Amino acid sequence: MSSVLTAARPHRAPTPTTTVAVVGLGYVGLPTAIALRTAGHRVVGLDVDPRRIDLITRGGADLLPHDQDRLGAYVGRPGFALTGDPAALAGADAVVVCVPTPVDRHLVPDLTALRAACETVVRHARAGQTIVLASTSYVGTTRELLVGPLAARGLVPGHDVHVACAPERVDPGRPKHAQETTTRVVGGLSPACGLRAAEILRGTAGAIHTVGSPEAAELTKLLENTFRAVNISLANEFADIAGGLGLDPAEIVEAAATKPFGFMPFWPGPGAGGHCIPCDPHYLLWQSRARRTPLPVTEAAMTALAARPGAVAERALGLLAERGVPRHDARVLVVGVAYKPGVADVRESPAVEILAALSAAGVRVAYTDPLIPALTAGGRVLRHLDPWAPAGDPEDTGPAWDLVVVHTAHPGQDLTWLDERTPVLDATYRLRDVGHRVVL
Ligand SMILES: NC(=O)c1ccc[n+]([C@@H]2O[C@H](COP(=O)([O-])OP(=O)(O)OC[C@H]3O[C@@H](n4cnc5c(N)ncnc54)[C@H](O)[C@@H]3O)[C@@H](O)[C@H]2O)c1
């Protein structure tokens with residue numbers, strides 16, 4: 001059973017105004033807290049990391065300008081509180097859980113943060129509350145970490161407390177897909193739970209699409225991000241064959257994208273980073289293995305994506321060899337190390353692996369990224385360089401680079417310093433203006 005509730009006009013204040021606690025104030029939780037406040041709710045933001053709260057308070061969080069402006073208007077004012085004290089949860093009418101759900105180094109779901117957050121939420125839950133899981137996880141998580149423990153505390157989910165899963169769809173760094181215009185999927189434990197969650201979230205979304213259970217909402221989110229992983233992997237495959245045939249991969253994708261049905265453009269690149277694509281499909285794969293349900297397409301896509309940064313490093317080493325530059329004399333600059341344009345986020349960024357692999361091969365590496373002031377790769381702290389800076393260190397004068405690898409091009413980033421003397425490996429596939437570039 002599913003339905004779409006009437007699209008709510010963004011920024012409309014719901015009645016009656018409620019107090020909503022947001023647990024976890026990261027890339028998802030902070031914009032959610034801002035959107036909830038804009039929608040008219042009183043907001044309490046809870047985070048276990050005092051440095052995060054301090055950063056947000058000082059206006060230093062990585063946010064889109066529109067969110068930064070709104071946050072500036074809310075911080076320190078009534079109706080918007082930031083705290084590290086979980087006791088504040090008891091005063092909330094609703095709680096939205098937005099903590100990270102990464103994978104460990106064996107690519108197994110790491111629910112440490114989510115378990116801790118849900119334990120806290122359950123401990124402070126009171127009758128009348130609506131509790132919404134917004135974090136991405138495997139199917140059954142809402143029931144396992146919220147419904148069961150709430151019942152064990154004597155609060156009957158669906159009666160004393162309302163529980164739902166409403167996975168988040170924010171797209172950090174891209175104003176095109178604002179939270180308030182994006183449809184939100186909500187799956188309640190019961191129809192009443194779904195309705196209560198929808199009431200809370202309605203003013204923060206373009207529309208609410210209800211599904212019949214928390215599990216349906218959980219699997220919807222996994223489908224969305226697995227779809228992206230598979231298609232990015234397919235775009236990489238096409239880039240490899242296009243390049244081998246002497247064709248421009250981006251030209252092919254652009255042309256295919258003119259088809260008005262049955263095609264959606266995905267772009268090749270150096271791999272996939274961030275907290276979604278490299279992680280979420282592993283929640284699905286982990287669950288499918290337990291159920292002995294093979295998912296070979298997803299498995300192959302994730303394996304290929306994981307291998308992509310290594311392929312970039314290999315191509316870079318190959319280009320150095322072609323130019324007759326011994327690895328131990330080579331200098332390589334990586335341009336843009338954030339996992340995607342417009343964000344100051346290096347989580348799972350392929351750039352880190354590329355830099356580490358080149359460094360391990362003996363190459364002297366450095367990077368430049370206006371959004372990333374410091375970076376550790378392969379256990380080494382790397383130098384951030386401003387390619388425009390006047391030469392102070394003789395090592396930094398151009399064209400000193402034996403190779404430049406462009407990994408991420410931020411919006412408006414000036415790359416005109418890339419001159420003909422500098423060989424460029426364009427892992428973005430999009431630098432058409434750089435005539436002397438090569439791709440993978
Ligand atoms: N980043 C994205 O683009 C994106 C998009 C959609 C969905 N998601 C999903 O949203 C969830 C959150 O991701 P994120 O990128 O915002 O993570 P994040 O790492 O940016 O932020 C998480 C915040 O939660 C805090 N936290 C950790 N444990 C806590 C606890 N027990 N109590 C209170 N706070 C705690 C951390 O200190 C941190 O500030 C994940 O499940 C992710 O998969 C992420």
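Predicted model: local features only at pLDDT ≥ 70, side-chain atom pairs only at ≥ 80, totals over all residues.
I'll start with the ligand. The shell around the ligand has 28 residues, and those that come nearest are Val28, Asp47, Thr101, Thr136 and Arg347. Sorted by class, that shell holds 15 nonpolar residues, six polar ones and seven charged ones.

At valine 28, a polar backbone atom sits 2.8 Å from an oxygen atom of the ligand. At valine 48, a polar backbone atom is 3.4 Å from a nitrogen atom of the ligand. With arginine 347 the side chain is involved: one of its N or O atoms is 2.9 Å from a ligand oxygen atom. As for cover, the ligand on its own has 830 Å² of accessible area, and the protein covers 90% of that.

Which helix gives the largest share of the shell around the ligand? That is helix H4, residues 112-124, with three residues. On the scale of domains, the ligand lies between domain 1, residues 2-211, and domain 2, residues 223-299, because both give residues to its shell.

Next, the core. The largest nonpolar core has 31 residues. The members that touch the most other members are Val23, Val95, Val97, Leu114, Val121, Leu146 and Leu150. Several elements supply at least two residues each. On the strand side these are E2 (19-23), E3 (42-46), E5 (94-97) and E6 (130-133). On the helix side they are H4, H5 (141-152) and H9 (280-290). H4 gives the most to this core, five residues.

On to helix H1, residues 29-38. Nine of its 10 residues are buried, so this helix is largely enclosed by the rest of the structure. The buried ones are Gly29, Leu30, Pro31, Thr32, Ala33, Ile34, Ala35, Leu36 and Thr38. An α-helix has 3.6 residues a turn, so residues three or four places apart point the same way. In H1 the buried residues include Thr32, Ala33, Ile34 and Ala35, which follow one another in the chain. After H1 comes glycine 40, with a positive phi near 105 degrees.

That brings me to backbone angles. Most residues other than glycine have a negative phi, and most peptide bonds are trans. Two residues here are worth a look on that count. Glutamate 348 has a positive phi, near 60 degrees, and is not a glycine. Glutamate 348 is in the loop between E10 and H11, and with 43% relative accessibility it counts as partly exposed. Its C-alpha is 25 Å from that of alanine 33, and the two are 315 residues apart in sequence.

Tyrosine 429 belongs to the loop between strand E15 (424-426) and strand E16 (437-438). Is tyrosine 429 buried or exposed? Buried, because its relative accessibility is 1%.

Glycine 336 is in the loop between strand E10 (331-335) and helix H11 (350-360). Its relative accessibility is 0%, so it counts as buried. Glutamine 413 is 77 residues from glycine 336 along the chain, and their C-alpha atoms are 9.4 Å apart.

Phenylalanine 80 is in strand E4, residues 80-83. Phenylalanine 80 has a relative accessible area of 6% and is buried. Cysteine 118 is 38 residues from phenylalanine 80 along the chain, with 22 Å between the C-alpha atoms.

Methods:
Residues numbered from 1 in each chain as written. Heavy atoms only, no water. Near = heavy atom within 4 Å. Polar contact = N/O pair within 3.5 Å; in protein donor to acceptor, adjacent residues only side chain to side chain. Areas by Shrake-Rupley, 256 points an atom, 1.4 Å probe, with all protein chains shown as cover. Helix = DSSP H or I, 4+ residues; strand = E, 2+ residues; numbered from the N terminus. Nonpolar A, V, L, I, M, F, W, Y, C, P; charged D, E, K, R; others polar. Domains from an automatic or database assignment. Core = buried A, V, L, I, M, F, W, Y, C linked by side-chain atoms within 4.5 Å. Buried < 20%, exposed > 50% of the residue type's maximum accessible area, 1.4 Å probe, protein only.
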